[in-house]
There are 2 protein chains.
Amino acid sequence: MREQIFQIMAADPRCGARRARLTTAHGVVDTPVFMPIGTAGAVKGVLPEQLETMGAQVILANTYHFMIRPGVDIVEKLGGLHRFMAWDRPILTDSGGYQVFSLASLNRIDDEGALFASHVDGKPYHLNAEIATDIQNRLGADIIMCFDQCTHYPVAPSDLDIAVKRTIQWAARCKQAHANPEQLLFAIVQGGIDLDLRTQCARALVDLDFPGYAIGGLSVGEGHDHMIRAVAHTAPLLPEDKPRYLMGVGTPADLIACVREGIDMFDCVLPTRNGRNGFAFTENGPVRMRNSIHADCDMPVEPGCDCPCCKNYPRAAVRHFFKYGEIQGPILLSLHNLTFFQRLMAKMRTEIEAGQFKAWADEQLPRYRSLYEA
Amino acid sequence: MREQIFQIMAADPRCGARRARLTTAHGVVDTPVFMPIGTAGAVKGVLPEQLETMGAQVILANTYHFMIRPGVDIVEKLGGLHRFMAWDRPILTDSGGYQVFSLASLNRIDDEGALFASHVDGKPYHLNAEIATDIQNRLGADIIMCFDQCTHYPVAPSDLDIAVKRTIQWAARCKQAHANPEQLLFAIVQGGIDLDLRTQCARALVDLDFPGYAIGGLSVGEGHDHMIRAVAHTAPLLPEDKPRYLMGVGTPADLIACVREGIDMFDCVLPTRNGRNGFAFTENGPVRMRNSIHADCDMPVEPGCDCPCCKNYPRAAVRHFFKYGEIQGPILLSLHNLTFFQRLMAKMRTEIEAGQFKAWADEQLPRYRSLYEA
C-alpha cells in the first residue's frame with residue numbers, strides 16, 4: 001500500500017488548526033509550514049545550508065521566472081530545479097498564473113490560455129494549462145500548481161466569474177496533462193472575496209480530486225478581515241485529509257489566523273523583501289534598522305534569537321550596514337526574518353501538538369495585529 | 001617570561017620562506033597568512049562563521065572608513081571592532097595612510113600630518129601619527145599600523161624621499177603615542193621601487209624596534225617584477241624573528257613569489273572584488289562566470305573545492321545569478337575566491353613544513369603567472 005501523502009498527527013478540536021506531515025519525493029514536510037521564496041533560483045542572499053540551519057523544509061520557485069531565464073531547457077538538462085538551486089529537500093513551483101497577471105504585459109487571455117510579453121525584454125510567451133504543467137514536470141519540483149486565472153482587487157463580478165470558470169477548466173486540463181507521478185499537483189481555488197464563487201470553485205476542484213488544494217487570489221489588497229473571512233469560508237470546503245496551501249500570505253497575524261482556520265502551508269516575500277529594506281520582524285514588533293535610535297545599540301535585533309544576525313551582531317553594526325549600503329545588512333536581516341518566520345511556525349506546530357493552539361492564537365493574534373498594523 | 005610573539009617553526013633553507021605562528025590578543029595566526037578585507041565592518045557578502053569555516057585566521061579593517069562612518073566613538077562604545085564586526089579572532093587595522101592618499105581629497109600634507117576631505121561627504125578630517133594611533137587604540141584591533149605616507153607610481157624622486165623621511169618620523173611618533181600594550185604596532189617600510197630608499201627606511205624603522213614590519217607602497221602599478229625586486233631587497237633587511245607583512249598584495253603568483261622572499265602576511269581585495277565581478281580564481285586559471293560557455297555547465301566552479309559555491313552549485317546556476325543580477329552570484333564567488341586564497345596559503349604552509357617549498361614554488365610560480373597574466 002502506498003504511503004499516506006498527508007498524515008494528520010494532531011488537530012485542535014477548538015478550531016481548524018492541525019499538525020500534519022506531508023510526504024514528497026524529496027522528503028517530509030512538517031505542517032503548518034512557511035516556505036521561503038527562491039524566485040529566480042535562490043532565496044536572495046541566503047544559502048541553502050543557511051536555510052537548512054533555520055529549519056526551512058520546503059522552498060518555492062517561480063515557474064514564470066525560470067521560463068524566461070535561464071529557460072526550462074537549461075534547468076532540465078542539469079537534472080532539474082533541485083540541482084540548479086542546490087536544494088535537495090522539497091521544492092514547490094507555482095504555475096506562473098500569478099506572474100502573468102501581475103508582472104508581465106498581458107496581450108491576450110481567453111479560455112485557451114494567456115499570451116504575454118516578458119517583463120524583462122518584452123519577448124512573447126504563451127502559457128496555458130498544458131504548457132504550465134509540462135514546464136513544471138520538467139523543472140521537477142515536488143509540488144506543482146495548476147495554471148489558474150488570478151484577479152485583482154477589487155474586480156468586476158463578471159470578470160471574477162470568468163476567472164473562476166477558467167480556473168476550474170484549466171485545473172481539469174492540468175490534471176490531464178500532468179505526466180510525472182513523483183510530483184504532487186495541487187489545484188488552486190479562486191473567487192476573490194465572493195464566498196459563493198469560492199464555494200463553487202472549491203466544490204468543482206474537489207470533484208476533480210487533487211492531492212492538495214491551494215487558496216489563491218488573496219492578499220491582493222482586500223485586507224486582513226476580508227482575507228480571513230474568505231479563508232475561513234473556503235478551508236472547510238476542502239478535504240480534511242489533504243493539505244491546504246494559502247498562497248502569498250502573510251504577516252505574523254495572518255499566519256496565526258489562517259492556521260486557526262485550517263491552513264497548512266504558506267509562502268510570502270515579506271520576510272526577505274522587508275529584510276532587504278531594513279525591516280526586522282520580532283516577537284515584540286517591527287524593528288526598523290535604519291532608525292538612528294540603533295546607532296550605538298549593543299542589543300541584538302531580537303534578543304534570544306539564534307540566527308546568524310542576532311547571535312553575532314549588535315544592532316549598531318546592522319544599522320551601519322543598512323545606512324551605508326553594505327550588502328551585509330540585507331543578508332543578515334533576510335536570515336533573521338526567515339528565522340523568525342520559521343520559529344513562529346515551529347511554535348504553532350508545538351502548540352497544536354500540545355492541544356493549546358486555540359488559546360495561544362487567541363492571545364497572540366490581537367497582539368501581533370496591533371504590533372504590525374500600528 | 002612573556003610568550004614569544006612570533007615563533008618560526010620551519011624555514012626553507014633554499015629560499016626565504018618560513019612557517020611561523022604569530023600570537024595576538026585574540027589568538028594565534030599561522031603564517032604565511034592571507035587576510036580577507038572587511039573594509040567597512042564586513043567582508044562584503046561573507047559572514048564571520050563562513051570566514052571561520054574557510055580557515056580565515058585574521059581579517060583586516062580600514063581605519064579611514066571607520067573614522068568616517070560610523071565613527072570611532074560608536075565602535076569604542078560597543079567595546080571595539082571585535083564586537084562590531086562579530087569576529088572574536090585576530091583583526092588588523094591599517095592606519096588610514098593609504099586611503100588618505102588614494103580615496104580622499106587631500107587638502108594639505110606636511111610633516112605634521114594630513115588634512116583631507118572625506119570621499120563620502122567632503123567633511124574635513126585631520127589624521128597624523130598621534131590621531132591614527134589613538135583611533136586604532138580605541139578600535140581595538142590586535143595588530144595596528146603606523147601612519148605612513150604612501151606615494152603613487154611613478155613618483156618624483158624628491159617626493160619619494162620626503163615620503164620616506166616622514167614615514168620614519170611618523171613611525172617614531174606612533175610608537176610614542178601607542179597606548180595599548182595588548183596591540184602589536186607594526187611599522188611600514190616605504191620607498192617605492194628605489195632600493196636605496198627602501199634600505200634607508202627599513203634600517204631606520206628597525207632601529208626603532210617594532211614587533212612587526214610591513215612593506216607598503218607596492219602593487220600600485222609597478223608590475224610584478226619591480227614589486228618582487230623591491231620585496232626581495234627589503235625583506236632580508238627586516239629582523240628575521242619578526243613578522244613581515246606585504247600590504248595590498250596580490251595575485252596567486254605574487255603570493256607565492258613573496259612567500260619565497262620571506263613574507264608572512266598578505267591582504268588584498270582581489271578575491272572579494274573579483275568575486276563580486278564574476279571572476280573566479282581556480283588552480284587551473286580564471287573562470288569568468290558571465291561567459292555563455294557556462295550557461296548549461298553542470299561542473300562546479302572549481303572541481304574538488306569544498307566551498308559553499310563549488311560544493312553545491314553547478315556553473316550554470318552561478319552564471320545565471322551573475323547574468324541576471326542575483327546577489328547570490330557575488331556571495332558565492334566571494335566565498336569561493338576567499339576559500340581558494342586560504343587553500344593556496346595552507347598549501348604553502350604545508351610545503352614549507354615539508355621542506356619542499358622552493359621546489360613547489362619554482363614549479364607553480366611560472367604556471368600561475370601564465371594562467372593569470374595571459
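Predicted model: local features only at pLDDT ≥ 70, side-chain atom pairs only at ≥ 80, totals over all residues.
Author: In it, β7(A) is joined by 4 bridges to strand β8 (residues 113-117) of chain A, and the two run antiparallel.

Reader: Which residue stands opposite A:Leu115?

Author: A:Arg108 does.

Reader: What is the order of the open sheet in chain A?

Author: β7-β8-β9, 3 strands with antiparallel pairing. The edges are β7 (105-109) and β9 (124-128) of chain A, each pairing on one side only. From one strand to the next, the twist averages 25 degrees.

Reader: And which helix packs on the sheet?

Author: Helix α6 (residues 129-139) of chain A, which touches β8 and β9 of chain A. The direction of α6 makes about 95 degrees with that of β9(A).

Reader: Switching to the contact. How many residues does it take from each chain?

Author: 32 residues from chain A and 32 residues from chain B.

Reader: Which element gives the most to the side of chain A that touches chain B?

Author: α12(A), with 4 residues. By class, that side of chain A has 19 nonpolar, 5 polar and 8 charged residues.

Reader: Last one: which residues have the most contacts inside the largest nonpolar core?

Author: A:Phe186 and B:Phe186, in a core of 249 residues. Residues that B:Phe186 touches include B:Ile143, B:Met145, B:Phe210 and B:Tyr245.

Methods. Residues numbered from 1 in each chain as written. Chains lettered and ligands numbered in written order. Contact = placed C-beta atoms within 7 Å. Nonpolar A, V, L, I, M, F, W, Y, C, P; charged D, E, K, R; others polar. Core = buried A, V, L, I, M, F, W, Y, C linked by C-beta atoms within 7 Å. Buried ≥ 20, exposed ≤ 12 C-beta atoms within 10 Å, placed from the backbone. Pairing = 2+ DSSP bridges. Axes fitted to C-alpha atoms, helices over the stretch in contact; angles between N-to-C directions. Lists of a residue's contacts leave out its neighbours within four places in sequence.
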